[in-house]
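Here is my note for your first look at this model. Keep the sequence and the 3D view open while you read the points below.

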Amino acid sequence: MDSAPLRQRVVAVLLAWASVALVSGCAPQSPDHTSWSDQAHQSLQSVSSEVATVALLLRLEAQHKVPGKYQQVVAQDSESAVGATMDSFGGEQPEPRDDAEYKRVTSLMSDASDLLSQVRIAIVRRDEDAYPDLLRQLEGLQSNLTRAEERVG
């Protein structure tokens with residue numbers, strides 16, 4: 001009995017399974033509206049928390065209560081956390097009715113990431129003259145994030 005056809009079929013089935021696993025493993029998540037809204041709310045809360053942390057850092061720096069290296073670590077950690085939140089949330093596939101809100105949420109997260117990068121750069125450079133304006137921008141962004149949280153929550 002020739003086992004070559006059997007081996008070919010087994011190989012074909014294994015290749016088909018591998019193809020399905022690869023394709024399904026790369027597909028974005030598609031939560032329903034309620035799940036997506038919950039994820040958007042949690043992501044906005046996380047980003048908002050990081051923005052608030054960096055704003056507090058700048059307020060404390062104005063009072064000379066934070067060592068320079070610690071400022072850099074906090075700013076960098078907050079920036080990294082926002083990036084991770086953006087990566088996670090950005091991989092979600094919203095329902096069509098959530099497209100406009102998805103764009104608003106991801107845009108706000110991107111704004112937060114950009115602003116936290118600016119703050120980190122200013123802190124590393126010890127550009128203390130930039131801190132008051134950056135703090136104002138952080139506070140304005142914080143307000144926008146809070147409104148977005150309320151809208152999706």
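**Notes on a helical model**

1. Start with Ala62, which is found in helix H2. Helices here are DSSP runs of H or I with at least four residues, strands are runs of E with at least two, and both are numbered from the N terminus. Ala62 is exposed, because its relative accessible area is 59%. The cut-offs are under 20% for buried and over 50% for exposed, with partly exposed in between (1.4 Å probe, protein chains only). Between Ala62 and Tyr131 there are 8.3 Å in space, C-alpha to C-alpha, although they are 69 residues apart in sequence.

2. Next, the ground rules. This is a predicted model, where local features need pLDDT of at least 70 and side-chain atom pairs count only at pLDDT 80 or more, while totals for chains, interfaces and linings use all residues. Residues are numbered from 1 along each chain as its sequence is written, and side-chain values use heavy atoms, with hydrogens and water left out.

3. Now the whole protein. What are its elements? It has five helices and zero strands. From the N terminus on, the order is α-α-α-α-α. Of its 153 residues, 32% count as buried. The accessible surface comes to about 9300 Å², and carbon and sulfur atoms hold 55% of that. These areas come from the Shrake-Rupley method with a 1.4 Å probe; for residues, only the protein chains shown count as cover.

4. Look at contacts along the sequence. Take those with a separation of 6 or more: 79% of them link residues 24 or more positions apart. A contact means heavy atoms within 4.5 Å.

5. Helix pairs come next. Two packed helices are described by the angle between their axes and the distance between the axes. Axes are lines fitted to C-alpha atoms, for helices over the stretch in contact, and angles run from 0 to 180 degrees between N-to-C directions.

6. Take H2 (residues 33-62) and H3 (residues 68-90). Their axes come within 10 Å and cross at roughly 165°. H2 and H3 are therefore roughly antiparallel. The angle classes are under 35 degrees for roughly parallel, over 145 for roughly antiparallel, 65 to 115 for roughly perpendicular, and oblique for the rest. H2 passes H3 in a left-handed crossing. Left-handed means the near helix is turned anticlockwise from the far one by less than a right angle; clockwise would be right-handed.

7. Which residues make the H2 and H3 contact? On the H2 side they include Trp36, Ala40, Val47 and Leu57. Among their partners in H3 are Val74, Ala81 and Phe89. By class, this contact of H2 with H3 has 10 nonpolar, seven polar and two charged residues. Ala, Val, Leu, Ile, Met, Phe, Trp, Tyr, Cys and Pro count as nonpolar; Asp, Glu, Lys and Arg as charged; the others, Gly among them, as polar.

8. Is H2 parallel or antiparallel to H5? The axes of H2 and H5 (residues 131-152) come within 9 Å and cross at roughly 160°. That makes H2 roughly antiparallel to H5. The crossing is left-handed. The contact of H2 with H5 holds 16 nonpolar, six polar and four charged residues.

9. The axes of H2 and H4 come within 11 Å and cross at roughly 20°. H2 and H4 are therefore roughly parallel. Their crossing is left-handed. Residues of H2 in this contact include Leu44, Val51 and Leu58, and those of H4 include Val105, Met109 and Ile123. The class count for H2 with H4 is 14 nonpolar, one polar and two charged.

10. Check Gln118 in helix H4. Gln118 is partly exposed, with a relative accessible area of 41%. Leu134 is 16 residues away in sequence and 8.0 Å away in space, C-alpha to C-alpha. Leaving out residues up to four places away in sequence, Gln118 touches Leu134 and Gln137.

11. Finally, two backbone angles. Most residues other than glycine have a negative phi. His64 is not a glycine, yet its phi is positive, about 55°. His64 sits in the loop between H2 and H3 and is exposed, at 64% relative accessible area. Arg126 also has a positive phi, near 60°. Arg126 lies in the loop between H4 (99-125) and H5 and is partly exposed, at 36%.
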